[in-house]
Amino acid sequence: MMASGPLLAPDDIAHVIQIALAPAFLLTALATLLNVFSTRLGRVADRVDDAADRLQKADADEAAHLSYQLAYLRRRSFMLDVAVVLASLGSIMTGIAVLTLFVGALRDAATASVLFGCFGIALVCTVAAIVAFLIEILMAGRRVRDEVDRQTVEASDREAGGPEIPHRSPRPGRS
């Protein structure tokens, strides 16, 4: 005769799997976001280095343009910093939620409150990180449009016989 112990129903097993996998998927998503944020931050840093090098040799007009560009890159890097901090906090809260799953029993009201609170904070941080990233992306897109507009005006001036302005194009592969 088989030992009779409490067997979990298929719905209970599915629920346990869902509870265990949800934090893992969120951690994977947050790690991917952090990778994207750090790549973009590296691009911003490269552009800052380039602008700072060019600023050393620039005339007054070019120096004013480069100073504006550096201030703009500073704002972008700040938004990326916000996104990284929020995604990191989301990851930390998710980790605490996972630890709570292993340390406590979900039937205990205090443990369940901590679990739901940590997971809730992780979700809020994730959404806020995505919003910060969205703002940074919009800033980058606006900068590209501004540069295109500036190049278009300079090209129109050259065609109309206006003053000759040296051509400056953004570095390829940078955003």
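This note describes the fold, the core, the charged pairs and the surface of one predicted model.

1. Basis of the note. The model is predicted, so local features are reported only at pLDDT of at least 70 and side-chain atom pairs only at pLDDT 80 or more, while totals for chains, interfaces and linings use all residues. Residues are numbered from 1 along each chain as its sequence is written, and side-chain values use heavy atoms, with hydrogens and water left out.

2. Overall fold. The chain contains three helices and zero strands, and its elements follow the order α-α-α along the sequence. Helices (H or I, at least four residues) and strands (E, at least two) are DSSP runs, numbered from the N terminus. Helix α1 covers residues 10-56, helix α2 covers residues 60-103, and helix α3 covers residues 109-159.

3. Contact means heavy atoms within 4.5 Å. Among the contacts in the chain with a separation of 6 or more, 70% are between residues 24 or more positions apart. Of the 175 residues, 26% count as buried; the term buried means under 20% relative accessible area, exposed means over 50%, and partly exposed lies in between (1.4 Å probe, protein chains only). The accessible surface of the chain is about 11,300 Å², and carbon and sulfur atoms account for 68% of that surface. These areas come from the Shrake-Rupley method with a 1.4 Å probe; for residues, only the protein chains shown count as cover.

4. The nonpolar core. A nonpolar core is a set of buried Ala, Val, Leu, Ile, Met, Phe, Trp, Tyr and Cys residues joined through side-chain atoms within 4.5 Å. The largest such core has 21 residues, of which L30, F37, L80, A87 and A129 touch the most other members. Each of α1, α2 and α3 supplies at least two residues of this core, and the largest share, nine residues, comes from α2. With neighbours within four places in sequence left aside, A129 is in contact with F37, A83, L86 and A87. In soluble globular proteins, nonpolar side chains tend to be buried together.

5. The aromatic pair. Rings of Phe, Tyr and Trp (its six-membered ring) pair if their centres lie within 6.5 Å; planes under 30 degrees apart count as stacked, over 60 as edge-to-face and the rest as tilted. The whole structure holds one aromatic pair. The ring centres of F37 and F133 are 5.0 Å apart and their planes stand at 50 degrees, so this pair is tilted. It links distant parts of the chain, with F37 in helix α1 and F133 in helix α3, 96 residues apart. Both F37 and F133 are buried.

6. The salt bridges. A salt bridge is a side-chain nitrogen of Lys or Arg within 4 Å of a carboxyl oxygen of Asp or Glu. By this rule there are four salt bridges. One of them joins E136 and R40, at 2.8 Å from N to O. E136 lies in helix α3 and R40 in helix α1, so this pair ties together parts that are 96 residues apart in sequence. Another joins E136 to R76, with the closest N and O atoms 2.7 Å apart. R76 belongs to helix α2 and E136 to helix α3, so the pair ties together parts that are 60 residues apart in sequence. Through shared partners, R40, R76 and E136 form one network. E136 and R40 are buried, and R76 is buried as well.

7. A salt bridge within one helix. D50 and R54 also form a salt bridge, with the closest N and O atoms 3.1 Å apart. These two residues are four apart in helix α1 and are thus separated by about one helical turn. R54 is partly exposed, with 31% relative accessibility.

8. L26 and T126. L26 is in helix α1 and is buried at 11% relative accessibility. Apart from neighbours within four places in sequence, L26 is in contact with T94, F119, A122, L123 and T126. The C-alpha atoms of L26 and G90 are 8.8 Å apart, although the two residues are 64 apart in sequence. T126 is in helix α3 and is buried, with a relative accessible area of 11%.

9. The surface patch. Patches are made of residues with over 30% relative accessible area and no salt bridge: like charges are joined within 9 Å, nonpolar side chains (Val, Leu, Ile, Met, Phe, Trp, Tyr) within 5 Å. V85, L89, I92, I96 and V114 form a nonpolar patch with about 390 Å² of accessible area together. Helix α2 gives the most to this patch, with four residues. V85 is in helix α2 and is partly exposed at 47% relative accessibility.
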